[in-house]
Amino acid sequence: MALRYDCGEVITAMVTPMTKGGAIDYDKVEFLASHLLENGSDAILVAGTTGETPTLTNEEEIELLSSVKRAVANKAKIILGAGSNSTASAIEYSKFAQKEGVDAILSVVPYYNKPNQKGMIEHFSVIAESTDLPIILYNIPGRTGVNMLPETVAHLAEKYDNIVGLKQSFADMDAVTELKIACPENFVIYSGDDSLTLPMLSLGAHGVISVASHLFGKEIKSMIRNFKSGELIAARNMHKKLYPVFRQLFMAPNPVPVKAALEYKGLIEAVVRKPLVQMNDEEKATLFKVIDEVKVELS
């Protein structure tokens, strides 16, 4: 059965490049977006958590989206992080996304105010009714403080055709199985953690919304394609080779490690905005050693 909406198998949750002074480096935004498309990414998620949206102004997000659109130029899909813990704000962001012509939006479970399942249903229902855009729900209990249950996702997916998928950032394989049982067959599930991609593929997930694809996008794409074509040993071996990087990219709060790694590759500065801080030299040495070892392993 055809998917409700296909944003591809490897979606990169793109970092927001910044200058040493902390301003957004829009030239590097365009450069990085182009680089990602040339290295395995099917779509780019703009203004997600990895993009440090809690510290971006509305004006910066507008210009950030414009820069990515110029770089992508219809060569790939663009997804905008349009969620909020304020339902009214999430509706505004969703309408803005539709006006700007993005391909889909990512809408996170409301954080901090910790709604119950009924509150989640009402929140996402009015968002779905406010836009024609495809919506990918985002369940990340570690950041929101609450877990959206499979039956809640299934209820929303059954009621709204434009709720097309879920980014599941929760290491619970039983929940993935329950999602596949409860949700419509054409509903798309993405792993929200690189290290969970292969296990979730085995349960019917479609792909990953990735951080590690900044560095190893082609290899992640190869792992997914190998799995889907029945080359299971090749997929497992690629997962094993990439696993150390998957883990080390979360040795400090995201996106601090991946920005350091991108600076190490000479692509952007490692600048993050407070309250995030850069890693110390010892932490960087550990991360870079793992990256270099994985590169050797892949060669």
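Predicted model: local features only at pLDDT ≥ 70, side-chain atom pairs only at ≥ 80, totals over all residues.

**Entry 1: Strands and their neighbours**

Next I asked how strand 6 and strand 7 are joined. They run parallel, with four bridges between them. I then checked which way the side chains of strand 7 (residues 188-191) point: Val188 and Tyr190 go one way, Ile189 and Ser191 go the other way, and all are buried.

Then I followed the pairing around. Eight strands close into a barrel, in the order 1-2-3-4-5-6-7-8, and the pairing is parallel. On average, neighbouring strands of this sheet are turned by 25 degrees against each other, direction ignored.

I looked at one more pair in the barrel. Strand 4 and strand 5 are parallel too, and four bridges pair them. Here I found valine 108 opposite tyrosine 138, which is in strand 5.

**Entry 2: Strand 1 and threonine 12**

I picked strand 1 (residues 10-13), where threonine 12 sits. Val10 and Thr12 point one way from strand 1, Ile11 and Ala13 point the other way, and all are buried.

Which strands does strand 1 pair with? On one hand there is strand 8 (residues 207-210), paired in the parallel sense over three bridges. On the other there is strand 2 (residues 43-46), which also runs parallel to strand 1 and is joined to it by three bridges.

Threonine 12 has a partner in each of these: serine 210 is its bridge partner in strand 8, and isoleucine 44 stands opposite in strand 2.

Is threonine 12 buried or exposed? Its relative accessibility is 0%, so I wrote down "buried", a word that applies under 20%.

I then listed what threonine 12 touches, leaving out residues up to four places away in sequence: Leu36, Ser41, Ala43, Ile44, Leu45, Ser210, Ser213 and His214. With serine 213 there is a polar contact between the two side chains, at 2.6 Å. I also checked valine 46, which is 34 residues from threonine 12 in sequence, with 8.8 Å between their C-alpha atoms.

**Entry 3: Helix 4**

I tested the length of helix 4 (residues 117-130). Its 14 residues, at 1.5 Å a residue, should span 20 Å, and the end C-alpha atoms are 20 Å apart, so the two agree.

At the start of helix 4, I found a side-chain oxygen of asparagine 116 within 3.3 Å of the backbone nitrogen of lysine 118.

Which residues of helix 4 are buried? They are Met120, His123, Phe124, Ser125, Ile127 and Ala128. Their cover includes helix 3 (87-100), helix 6 (150-159), strand 4 (104-108), strand 5 (135-139) and strand 6 (163-168).

I finished with the aromatic rings, and the structure holds one aromatic pair. Tyrosine 264 and phenylalanine 288 have ring centres 4.1 Å apart and planes at 5 degrees, so I noted the pair as stacked. Tyrosine 264 belongs to helix 11 (residues 256-264) and phenylalanine 288 to helix 12 (residues 281-298), so the pair ties together parts 24 residues apart in sequence.

How accessible are the two residues? Tyrosine 264 is partly exposed, at 38% relative accessibility. Phenylalanine 288 is buried, with a relative accessible area of 15%.

Conventions:
Residues numbered from 1 in each chain as written. Heavy atoms only, no water. Phe/Tyr/Trp six-rings, centres within 6.5 Å; stacked < 30°, edge-to-face > 60°. Helix = DSSP H or I, 4+ residues; strand = E, 2+ residues; numbered from the N terminus. Buried < 20%, exposed > 50% of the residue type's maximum accessible area, 1.4 Å probe, protein only. Expected span 1.5 Å × (residues − 1). Contact = heavy atoms within 4.5 Å. Polar contact = N/O pair within 3.5 Å; in protein donor to acceptor, adjacent residues only side chain to side chain. Pairing = 2+ DSSP bridges. Axes fitted to C-alpha atoms, helices over the stretch in contact; angles between N-to-C directions.
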